[in-house]
Amino acid sequence: MVSKAAVERIKAGMQYEFARTAPPEGFPALPPVPGGRYTDPEFLALERRHLWQRSWLYACHADELPQPGSFLLWKRTGSPVLIVRGKDEVIRAFYNTCQHRGGPVVKDASGRVDGLVCQYHGWTYGLDGRLVNLRDKRDFPDFDAKCHGLAAVRCERLGNWVFVNEDRDAPPLLDSLGEIPAMFADIQPEQQRFVHKKTYRVKCNVKVLLDAFLEVYHLKSIHQNTVDRFLDYRGTTIHLWPGGHSLMVTPNRRPEWEDPGARGMLKLATASEVTARHNPSYHLYPNLVTPVSDSGIPFILFWPVSSREMDIEVVWFAPDWGGGALPALWETRLANFERILYEDTQFAEYIQESVESPGYAGLHLNYQERRIYHWHEELDRRIGAERVPAALRVQPVLAPFVKPSLAG
Ligand code: FES
Ligand SMILES: [Fe+2]
């Protein structure tokens, strides 16, 4: 449950933000973030190795793997990862890499199988990854099948949401999320059902667009006729957690205001006052932004495709509506969201051109944009600041403003 103390802290934070005339006492002027962090091949290789291949990343919802043997192929880090529901209902992940010579054990993007049979020479694995059969065993003397199961990828859940991590030694998912699982109790992750997903390709570095979802400084320009009409960015309060995670709560202009797209939808009675009446947007480091509500939740995921191309994947969930067809109201809600998304993506290609040009002097961030700086500080911690070329490092300045607990 979001504690009463956390709710009170957020409400007080919004009041403080409305009233302030300058950044809080002691808040530093944020040093420029070097633009090369968005373009330099050496830096992007470090980012890939130390961030994308070593982070907990949202992969799918349990509803997308409805039966034992249901699988998905997931390649967002560049590695072929197979996610499969076992006969024991446990969802596991493996590299889609046969231990004989690397053949694929599945080729389709999704489907259902009884076992995992390599398409090359027929080695057969159970849904739990164990090697159960190989052709012409007589020609592999002293072969120990127990040592040749599929290589596992870490796979853990937050409610119905399935995350994977290629780092075998990573701390457990829930530990790595700090206070967030406790905060999420008001949206009941185990009650959330899969609604819809769609991916949009955008021609920019992944961070160019991720940045736009970490601040509301742009509301007055980009979303003048949409979001800005019901959210008042002047009262936005932000919490920075360790591990690069953060929360940004933007107050509704009128607390009694209801999103017309959500009118008539099933609502979670457990949602806190902040979730039901305002706009909390969580950032789960590195690439998951979720503006939660009591009637539906989008996960907005930012995936690198190349140094100057990315995918935004938007996945919607809703409180359990009892199965059957999705209520028709969702069509309007998804269309409304897509309109806002297009507003957010409209400058991405132009910004990419800019960051690649000699005219670009890096990012000059203000107090309202501190989640972006927090993101970059965490990236350097994960890479190891000593590995980052000196000219591309960010100077760590936010530590005094990072707190493990919102209520504490
Ligand atoms: S590569 Fe899989 S059986 Fe040969
Ligand atoms: Fe936006």
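Begin by selecting strand 6 and strand 7 (residues 124-125), which run antiparallel and are joined by two bridges; strands here are DSSP runs of E with at least two residues, numbered from the N terminus, and two strands pair if DSSP finds at least two bridges between them. The model is a predicted one, in which local features need pLDDT of at least 70 and side-chain atom pairs count only at pLDDT 80 or more, while totals for chains, interfaces and linings use all residues. Residues are numbered from 1 along each chain as its sequence is written, and chains are lettered from A and ligands numbered from 1 in the order in which they are written.

Stay here and select L116, whose bridge partner in strand 7 is Y125.

Next, select strand 3 (residues 81-85), which is mostly covered, with five of its five residues buried; a residue counts as buried if 20 or more other C-beta atoms, placed from the backbone, lie within 10 Å of its own. V81, I83 and R85 point one way from this strand, whereas L82 and V84 point the other way. In a regular strand the side chains alternate between the two faces of the sheet.

Strand 2 (residues 70-74) runs antiparallel to strand 3 and is joined to it by four bridges, with W74 standing opposite V81. These two strands form a hairpin with six residues between them, and G78 in the turn has a positive phi of about 100°. Strand 4 (residues 91-95) is joined to strand 3 by five bridges, again antiparallel, and in strand 4 the bridge partner of V81 is Y95. Strand 3 and strand 4 also form a hairpin, with five residues between them, where E89 in the turn has a positive phi of about 75°.

Finally, colour the chain by domain: domain 1 covers 4-54 + 177-401 and domain 2 covers 57-158, with bounds that come from an automatic or database domain assignment. Taken over C-alpha atoms, the centres of domain 1 and domain 2 are separated by 33 Å. Their contact takes twelve residues from domain 1 and eight residues from domain 2, where two residues are in contact if their C-beta atoms, placed from the backbone, lie within 7 Å. On the side of domain 1 that touches domain 2, the elements giving two or more residues are strand 11 (192-202) and strand 16 (297-306), and strand 16 gives the largest share, three residues.

How values were computed: A residue is buried if 20 or more other C-beta atoms lie within 10 Å of its own, exposed if 12 or fewer, and partly exposed in between; C-beta atoms are placed from the backbone.
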